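Me: I have a model open and I want to learn how to read it. Can we go through it one feature at a time?

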Amino acid sequence: MDEALIRSLTPGVLTVLVRRGADFAAAEDAVQEALVEAVRGWPADPPRDPKGWLVTVAWRRFLDATRADTARRRREDRVEEEPAPGPAPEVDDTLQLYFLCAHPSLTPSSAVALTLRAVGGLTTRQIARAYLVPEATMAQRISRAKRTVSGVRFDRPGDVATVLRVLYLVFNEGYSGDVDLAAEAIRLTRQLAARVDHPEAAGLLALMLLHHARRAARTAADGSLVPLAEQDRGRWDTSTIAEGVGILQAALARDRLGEFQAQAAIAALHADAPTAGETDWVQIVEWYDELVRLTGNPVVRLNRAVAVGEADGPRAGLAALAVLDDALPRYAAVSAYLHERDGDLDTAARLYAEAARKAPDLAERDHLTRQAARLNSRPHDRR
């Protein structure tokens, strides 16, 4: 079985059923049943037209369910209208499917799950394992999401910005279970960028590629985090970096700057530096200024404080940090780093320990704990 082929065909098959009049929830169920039959039958007898085969079987499953459901008698006029088997139509409604799965009425977690299921072609079990929740919980989440969007028409324009945020959420989950969510997010964003004329879609794709290129160097053999400044840049994927930079340059040339393009520009400057010491921090601060202008996001201001500390010295960084809310995520970690750069090692050690207690995951907690231990174990001046 070619799993990649199956997953690439899934959104197209689903949109054909919806175009024929099936509501989204029923269509998605029918497509999943067709996929199960494909897994069973294709290895021994592969079809000449895989998409046409899936459309035919899924439509029959939908009609079977319609006939069995007496509460849906209003659909009986469609029962006798089953199209003859043959090549699937070439109309591509995948973009509308993206919009549907990122509908504003859905919660972020539901939008992510539905996108992975309907557009990504992942099974409920795979999604549940990736998000470390029971399969039954994920099934309920997806079922509620399908019911929510079932009445949404396919011909209404969607919001690209909402879709991009959903894909960014998927990318930031990284890798867990048996699904590489970062790679899946890149695949889906690449599809979206090819279908929509939007520089921020290209900006997000560039950002994902530039971050993904550093993946191999981001953790040590024991699983511990390796900070950017300490990463072995020889392990970065230069071809992926080149692709990301090329996509970013084309997007920036359109002079419609957005936050994903600005973030990608920062990532590109990091990727361009042969060593951490050669990083162009002055330009990075300028890009953070653009991001602050675009978003006003306090977390962006927090990251800007780090860049200011590198460009203009730790005192300047601490001054930029002082005007921010100390309840921000990773505030203590940034403060610890800047205090260490400024030579206040006792304060830095205390703040690293505080940051470790607030860390969102085990790997980050262990890294910050080691930083605190490193400073606490140094020889003290006893004069």
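This is a predicted model: local features need pLDDT of at least 70, side-chain atom pairs count only at pLDDT 80 or more; totals for chains, interfaces and linings use all residues.

Me: Is A363 buried, partly exposed or exposed?

Reply: Look at the relative accessible area. Buried means under 20%, and exposed means over 50%. A363 has 30%, so A363 is partly exposed.

Me: Next, aromatic pairs. How many does a search of the whole structure find?

Reply: The search finds three. To read a pair, take the distance between ring centres, then the angle between planes. An angle over 60 degrees counts as edge-to-face.

Me: Why is the pair of W42 and W53 called edge-to-face?

Reply: The planes of W42 and W53 stand at 75 degrees, so the pair is edge-to-face. The ring centres are 5.3 Å apart.

Me: Where do W42 and W53 lie?

Reply: W42 is in the loop between helix 2 and helix 3 (50–68), and W53 is in helix 3. The pair therefore ties together parts that are 11 residues apart in sequence.

Me: What about Y168 and F260, and how are their rings set?

Reply: Y168 and F260 are also an aromatic pair, and the pair is edge-to-face. The figures are 5.3 Å from centre to centre and 75 degrees between the planes. Y168 belongs to helix 9 (residues 160–172) and F260 to helix 13 (residues 259–272), so parts 92 residues apart in sequence are tied together.

Me: Are Y168 and F260 buried or exposed?

Reply: Y168 counts as buried, with 19% relative accessibility. The cut-off is under 20%. F260 is buried as well, at 3%.

Me: Now salt bridges. How many does the structure hold?

Reply: It holds 21. For each one, read the distance between the closest N and O atoms. Take E310 and R341: their salt bridge has those atoms 2.9 Å apart. E310 is in helix 15 (residues 298–312) and R341 is in helix 17 (residues 331–341), so the pair links distant parts of the chain, 31 residues apart.

Me: How accessible are E310 and R341?

Reply: E310 is partly exposed, at 23%. R341 is partly exposed, at 36%.

Me: Which residue forms a salt bridge with R315?

Reply: D342 does, with the closest N and O atoms 2.6 Å apart. R315 is in helix 16 (residues 314–322), and D342 is in the loop between helix 17 and helix 18 (345–358). This pair links distant parts of the chain, 27 residues apart. R315 is exposed, at 60%, whereas D342 is partly exposed, at 25%.

Me: What about R365 and D366?

Reply: Their side chains meet in a salt bridge, 3.9 Å from N to O. R365 is partly exposed at 40%, and D366 is partly exposed at 31%. Salt bridges can also share partners: E28, D29, R117 and K146 are joined that way into one network.

Me: Last, pockets. What is the volume of the second largest pocket, and what lines it?

Reply: Its volume is about 320 Å³. The second largest pocket is lined by 13 residues. I6, L35, V39, G121 and T123 lie nearest its centre. Helix 1 (3–19), helix 2 (24–41) and helix 7 (124–130) each give two or more residues to the lining. Helix 2 gives the largest share, four residues.

Me: How does that lining divide by residue type?

Reply: The lining of the second largest pocket has five nonpolar, five polar and three charged residues.

Methods
Residues are numbered from 1 along each chain as its sequence is written. Side-chain values use heavy atoms; hydrogens and water are left out. On a 1 Å grid over the protein atoms alone, a cavity is a set of points where a 1.4 Å probe fits but cannot get out, and a pocket is an open set with protein on both sides within 12 Å along at least five of seven lines; lining residues have an atom within 4 Å of a point. Grid points are joined across faces, edges and corners, and a volume is the space filled by probe spheres set on the points. Ala, Val, Leu, Ile, Met, Phe, Trp, Tyr, Cys and Pro count as nonpolar, Asp, Glu, Lys and Arg as charged, and the others, Gly among them, as polar. Rings of Phe, Tyr and Trp (its six-membered ring) pair if their centres lie within 6.5 Å; planes under 30 degrees apart count as stacked, over 60 as edge-to-face and the rest as tilted. Buried means under 20% relative accessible area, exposed over 50%, partly exposed in between (1.4 Å probe, protein chains only). A salt bridge is a side-chain nitrogen of Lys or Arg within 4 Å of a carboxyl oxygen of Asp or Glu.
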